[in-house]
2 protein chains.
Amino acid sequence: MRIIIFGGDGFCGWPTSLYLSKMGHEVIIVDNLSRRKIDLELECNSLTPIQSIGKRVSKWNELTKNNIKFINFDVAKNYSQLLNLFHSFKPDSIIHFAEQRSAPYSMKGSKGKRYTIDNNLNATNNLLSAIVESKQDVHVVHLGSMGVYGYSSVGLKIPEGYINVKVKDYNNKDIETEIPYPPRPGSIYHLTKTQDSLMFAFYNENDGIRVTDLHQGIVWGTQTNETSIHDDLINRFDYDGDYGTVLNRFLMQAAIGHPLTVHGTGGQTRAFIHIKDMVKCIEIALLNPPKKNDKVLVFNQMTETHNINDLANKISNLMGVSISYLKNPRNEANANDLIVENECFLNLGLNPITLDNGLLSEVRNIAKKYCNNCDESKILSQSFWTEANKPKKN
Amino acid sequence: MRIIIFGGDGFCGWPTSLYLSKMGHEVIIVDNLSRRKIDLELECNSLTPIQSIGKRVSKWNELTKNNIKFINFDVAKNYSQLLNLFHSFKPDSIIHFAEQRSAPYSMKGSKGKRYTIDNNLNATNNLLSAIVESKQDVHVVHLGSMGVYGYSSVGLKIPEGYINVKVKDYNNKDIETEIPYPPRPGSIYHLTKTQDSLMFAFYNENDGIRVTDLHQGIVWGTQTNETSIHDDLINRFDYDGDYGTVLNRFLMQAAIGHPLTVHGTGGQTRAFIHIKDMVKCIEIALLNPPKKNDKVLVFNQMTETHNINDLANKISNLMGVSISYLKNPRNEANANDLIVENECFLNLGLNPITLDNGLLSEVRNIAKKYCNNCDESKILSQSFWTEANKPKKN
């Protein structure tokens, strides 16, 4: 299969690129290295020593005799280059990771909000518009987020994208109809994913573009079989307050003996998936595209849910580190239920790696090994959802 | 009241600015004149001879002793200027017309799609983000579109923004809940209005921003009491295939004896509102803002619905002009129901001008008077929703 991976230098994009290359697909990575540039801006770094994209790609090609190509441009800005690439490469599928993906960064003042809206929405629209203009039949696989569903406790099982509802028609008779699950994003980042969904639905209906939207839980873990084969291929690991997702942050904190930082009561329940399963899910999505005239296919890309408190206790018990409760920088409910359908991927063969089996090796092989690279001043989140979420000054 | 009118040089923005100025409000118009620039790009012009914004504004201020101010900048691009304006002027309310508002233009190839997404979404986000950053309590009145609801025939009365549905909880028990009416936009332009709605909901919930979103029908008519007081204040009248809305296009066609161009079967039903009622509705919305902590207020800003065929027949009978059925450039249903709730505005005192009473004077005073300005080559729409919507070549 001919595949373009937009955002292929990032935390999810890089291991996906290697895996699909290994599986024999022809892979082009397009990336403007925005994630690395944001590291410069935030003055922090991956805990793991990632190599330049050029070095990574050439090492992979050298070791495996595969031929990943890398092109550096901004899909949100350089439409002509994008269109030319569709014309020359004629991809069967594209994978769209080319979005600013940190909720805290997206709430870090107006600059973060504006960059996230501008980049994410123009990127998605450019991709879809270029597919229409190129007159090609390209399957779009997009990384969405579980956060589009919202984390409230209304007693609903989170479906895979669509939900059946009953409404009154104008004769006051009940009619049953399927609708997209009403979105309830909790940050500007999540907002863009819900706005993406509307774009996909429109281009799907108007132009017949085939789209699979993957609503992903929080990814944990760092390495895949492919990124492990040589140090130069190592994947990034973010532990900072903006880009470090909760579980990886805990693991690194445990490794250096820093108290685990729980936001608010820790009553929040979230969905998780291991990075190796993430890569596998992308492959499953690619191999099982929607058919012509199908609506947008939505899969929930997660394998288990955990309450943040339980997670902190689990790691605290395992590693003997204390827990510190901080004022929640996010404007969100103290606690929520989360019961999620994920039958689609399970039925298509996903066999999940569980937290209980993978946690210790992750601490040992990554967090402990590279903990000297940690800048402790970057651990606490400095992005606040509202004025009221800021810690009180002394 | 201190009011900034973004997009105050446009078809709706200009008469709104004058009316609110007349009612004693302090009005600043912010506009980058994009609508006039698109006229240059499309090589067409308002049928009515509109004056430059400078001339318009100074004539109004001279005649009425009011003091409308005009500032030329792009709200989608110049965030700092926007923020400074909020700090210096401290508006009570803003009215957001600063969006590309033609559905055909938004479907005119990738350029129209990209401009509409980029401009409309960044404009809305910049406004909301600047309100948060300025820490002011500003009521946002936004011009949405009836088109966000979609034009299908599912037998539902279109509510004002929200709908009650029944769903099964995880114990398989029915629960009833209110959700935003599921959007179903029919063009990129309408898509941006549905994406705007998600932004309003987010900023409303996270930051408490008070928003009124007005889902407007097709505006007809040209002049208001204020734009009529001097020729230099005349409002624009668009008759071209992209910006001319269906009723104004018919009126102009009737005036010059051109067959009325009906797209497809003419079975489409649409909602309408006269321009004087539009202005009145904006005032009502300003004077009846949502309270602190209220959700986004949604009003349907329309007064009557008509089937396009009936409309064409009405004008054909009145003016003795024939009807020509063209292949529909839009990808839409041949026919649809449209039953719309508009109790909010009626309860707040709107007394609608009906089509039956206003049509003839509109033809006489505008279309006939200025018909020598018409470039007939611009009448037919040259924007096609898909390849299949293009007319067959001979």
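How many helices and strands are there in chain A? Chain A of this predicted model has twelve helices and 14 strands. The legends below start with the whole chain and then move to single residues.

**Figure 1. Chain A as a whole.** Let's begin with the overall dimensions. Along the principal axes, the C-alpha atoms of chain A fill a box of roughly 65 × 55 × 40 Å. The radius of gyration of chain A is 21 Å, which agrees with the value near 21 Å that a compact globule of 394 residues would have. Of these 394 residues, 60% count as buried. Among contacts in chain A with a separation of 6 or more, 82% are accounted for by residues 24 or more positions apart.

**Figure 2. The largest nonpolar core, seen around Phe6(B).** This core has 106 residues, and Phe6(A) and Phe6(B) are those with the most contacts inside it. In soluble globular proteins, nonpolar side chains tend to be buried together. What does Phe6(B) touch, leaving out residues up to four places away in sequence? The list runs through Val30(B), Val75(B), Leu82(B), Phe86(B) and Leu127(B), together with Ile94(B), Ile95(B), His96(B), Phe97(B) and Ala98(B).

**Figure 3. Glu43(A), a residue with positive phi.** Look for Glu43(A) in the loop between α2 (34–42) and α3 (53–64) of chain A. Its phi is positive, about 55°, although Glu43(A) is not a glycine. Is Glu43(A) buried or exposed? Glu43(A) counts as exposed because its relative accessible area is 60%, and the cut-off for exposed is over 50%.

**Figure 4. Asn172(B), another non-glycine with positive phi.** Here the phi is about 65°, and Asn172(B) is not a glycine. Asn172(B) has its place in the loop between β6 (162–168) and β7 (174–180) of chain B. With a relative accessible area of 56%, Asn172(B) is exposed.

**Figure 5. Ile50(B) and its contacts.** Ile50(B) belongs to the loop between α2 (34–42) and α3 (53–64) of chain B. Which residues does Ile50(B) touch, again not counting those up to four places away in sequence? They are Arg36(B), Arg56(B), Ile234(B), Asn235(B) and Arg236(B). For one of these, Asn235(B), the C-alpha atom is separated from that of Ile50(B) by 6.4 Å, while the two residues are 185 apart along the chain.

**Figure 6. Gly266(B), a buried loop glycine.** Gly266(B) sits in the loop between β10 (260–263) and β11 (269–274) of chain B. At 0% relative accessibility, Gly266(B) counts as buried, because the cut-off for buried is under 20%. Gly266(B) touches Asn307(B), Ile308(B) and Asn309(B), with residues up to four places away in sequence not counted. From Gly266(B) to Ala123(B), the C-alpha to C-alpha distance is 34 Å, and the two are 143 residues apart in sequence.

**Figure 7. Gly208(A), a partly exposed loop glycine.** Gly208(A) lies in the loop between α7 (188–207) and β8 (211–216) of chain A. At 33% relative accessibility, Gly208(A) counts as partly exposed. The C-alpha atoms of Gly208(A) and Lys193(A) are separated by 20 Å, and these residues are 15 apart along the chain.

Terms used. Residues numbered from 1 in each chain as written. Chains lettered and ligands numbered in written order. Predicted model: local features only at pLDDT ≥ 70, side-chain atom pairs only at ≥ 80, totals over all residues. Heavy atoms only, no water. Helix = DSSP H or I, 4+ residues; strand = E, 2+ residues; numbered from the N terminus. Rg over C-alpha atoms; globule rule 2.2 N^0.38 Å. Buried < 20%, exposed > 50% of the residue type's maximum accessible area, 1.4 Å probe, protein only. Contact = heavy atoms within 4.5 Å. Core = buried A, V, L, I, M, F, W, Y, C linked by side-chain atoms within 4.5 Å.
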